Amino acid sequence: MPGKRILSGVQSSGTLHIGNYFGMMRPSFALQEENDCYYFIANFHALTSQPDPELLRQRTYNVALDFLACGLDPQKTVFFRQSDVPQVQELAWLLSCICPMGLLQRCHSYKEKLEHGLSADHGLFAYPVLMAADILMYDADLVPVGKDQKQHLEVTRDLAIRFNERFGSRKHPIFRIPDALISEEVAVIPGLDGQKMSKSYNNTIEIFGDAKAIRKKIMSMKTDSTPVEAPKDPDKCNIFQLYKLMATPEEVAELREMYLKGGMGYGTAKQMLYDKYIEYFAPMREKRKELEANPQLVEDILQDGASRARKVAQVTLQRARAAVGLE
Ligand code: ADP
Ligand code: TRP
């Protein structure tokens, strides 16, 4: 049997960007060879911010294409749509019943979303409980995510421990306690303006956007006003940070040298970043085109994943139902 049980999800609430790719997708895909992976499209979660049904449908399909094009291997990984396993809602209710309000009130992500104009719906408030159900349902050992999800993992662990203490025993815990897997070097990928890249901040570079539009975005990246002749600090520059993610160590060393030596304008670095971006994602663009031509294949992969996921979910849910006295 392969190593650990790995689980992660991504909301279908926008277009995926390279912050998602380097922060969550690439580290997740790297784990497929040696482990037992479950990756899903969190479309229930996307409903907390998604008012348009057709858009939600389209975005969910696009995330499936993006994941498959970027390296998710459906032979090795169980890949599914969250809503195809409705059992997760029942588990979320069982967790809700032991979840103190204060635990959710402390969540930064909820407070930030309100600040960004989302309305204070119950779904948005209870978001971390559903996320805990996602994770506990599949007995995950490790959850690869970006740093912004760390607190949600803490809520998950807290709920699992409470549930085990109340309804299980030390010898027979109901849930496995998961750990977040956050790799420091990609914990926060900077966006065009140097803040965390996020679809909410309008500072993203899409994985699959129109190349011309992306070049325009890269060329408009915010930099400091060091003159062309002066030496520049690569480690404080978001262009360099992004280039580093895609280039070979030799190429990185070369660009570092160009920064430190002076005589290079940021425009040159931006052009190098754009060229590298195109080169890095070219094979994935090709693969995505092939998948786009075969929507039935994508649907079959998701259906197969859902049926495998439901089998695991059924067992966990049964255990939790019995523990609380519903059976
Ligand atoms: P967004 O911030 O654009 O709304 P999501 O919250 O949907 O992105 O994030 C999906 C996944 O990608 C999460 O695991 C998140 O931690 C990761 N992620 C998103 N943006 C970044 C970033 N800038 N750096 C590192 N990881 C990120
Ligand atoms: N909250 C995660 C995000 O915004 C998406 C998500 C939902 C998730 N359920 C999950 C991530 C379970 C990991 C595990 O990115």
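Colleague: Is D139 buried or exposed?
Modeller: D139 is buried, because its relative accessible area is 16% and the limit for that class is under 20%. Keep in mind that this is a predicted model. As for its place in the chain, D139 sits in the loop between α8 (127-137) and β4 (142-144).

Colleague: What is phi of D139 near?
Modeller: The general idea comes first: most residues other than glycine have a negative phi. Here, phi of D139 is near 50 degrees, a positive value in a residue other than glycine. N202 also deserves a look, with phi near 55 degrees, again positive in a residue other than glycine.

Colleague: Where does N202 lie, and is N202 buried or exposed?
Modeller: You will find N202 in the loop between β5 (179-181) and α10 (211-219). N202 is exposed, at a relative accessible area of 71%.

Colleague: How many residues apart are E54 and R57 in helix α3?
Modeller: They are 3 residues apart in helix α3 (residues 53-70), so about one helical turn separates E54 from R57. On accessibility, E54 is partly exposed at 41%, while R57 counts as exposed at 54%.

Colleague: Which residue forms a salt bridge with R162?
Modeller: That is D158, and the closest N and O atoms of the two are 2.9 Å apart. Helix α9 (residues 150-167) holds both R162 and D158, 4 residues apart, so they too are separated by about one helical turn. R162 counts as partly exposed at 34% relative accessibility, and D158 is partly exposed at 25%.

Colleague: Which residues are linked with E33 in a network of salt bridges?
Modeller: E33 is linked with D73 and K76 in such a network. Within it, D73 and K76 form a salt bridge whose closest N and O atoms are 3.3 Å apart. D73 is partly exposed, with a relative accessible area of 21%; K76 is partly exposed as well, at 35%.

Colleague: Now the rings. How many aromatic pairs does the structure hold?
Modeller: It holds 17 aromatic pairs. To read one, look at the distance between ring centres and the angle between the planes; over 60 degrees counts as edge-to-face. Y21 and Y280 form an edge-to-face pair, 6.0 Å centre to centre with 75 degrees between the planes. Y21 belongs to helix α1 (residues 18-30) and Y280 to helix α13 (residues 266-292), so this pair ties together parts that are 259 residues apart in sequence. Y21 counts as buried, at 4% relative accessibility. Ring pairs also link Y21, F22, Y277, Y280 and F281 into a cluster.

Colleague: Which residues lie over the face of a ring?
Modeller: K232 lies over the face of Y266, 5.6 Å from the ring centre. R288 lies over the face of F208, and there the distance to the ring centre is 5.2 Å.

Colleague: And the ligands? How many residues surround ligand 1?
Modeller: There are 18 residues around ligand 1, and the closest are H17, G146, D148, I189 and K199. Next, check its polar atoms. An oxygen atom of ligand 1 is 2.8 Å from a polar backbone atom of G146. A nitrogen atom of ligand 1 is 2.8 Å from a polar backbone atom of I189, and a nitrogen atom is 2.9 Å from one of M197. The protein covers 93% of the 540 Å² of accessible area that ligand 1 has on its own.

Colleague: Which residues come nearest to ligand 2?
Modeller: Of the 14 residues around ligand 2, the nearest are Q11, Y127, M131, D134 and Q149. A nitrogen atom of ligand 2 is 2.7 Å from an N or O atom in the side chain of D134, and a polar side-chain atom of Q149 lies 3.0 Å from a nitrogen atom of ligand 2. For ligand 2, the protein covers 90% of the 360 Å² of accessible area that the ligand has on its own.

Technical notes
Residues are numbered from 1 along each chain as its sequence is written. Chains are lettered from A and ligands numbered from 1 in the order in which they are written. This is a predicted model: local features need pLDDT of at least 70, side-chain atom pairs count only at pLDDT 80 or more; totals for chains, interfaces and linings use all residues. Side-chain values use heavy atoms; hydrogens and water are left out. Rings of Phe, Tyr and Trp (its six-membered ring) pair if their centres lie within 6.5 Å; planes under 30 degrees apart count as stacked, over 60 as edge-to-face and the rest as tilted. Helices (H or I, at least four residues) and strands (E, at least two) are DSSP runs, numbered from the N terminus. Buried means under 20% relative accessible area, exposed over 50%, partly exposed in between (1.4 Å probe, protein chains only). A charge sits over a ring if NZ of Lys or CZ of Arg is within 6 Å of the ring centre and within 35 degrees of the ring normal. A residue is near a molecule or strand if one of its heavy atoms lies within 4 Å of it. A polar contact is a pair of N or O atoms within 3.5 Å; within protein, one must be able to donate a hydrogen and the other to accept it, and residues adjacent in sequence count only if both atoms are side-chain atoms. Accessible areas come from the Shrake-Rupley method with a 1.4 Å probe; for residues, only the protein chains shown count as cover. A salt bridge is a side-chain nitrogen of Lys or Arg within 4 Å of a carboxyl oxygen of Asp or Glu.
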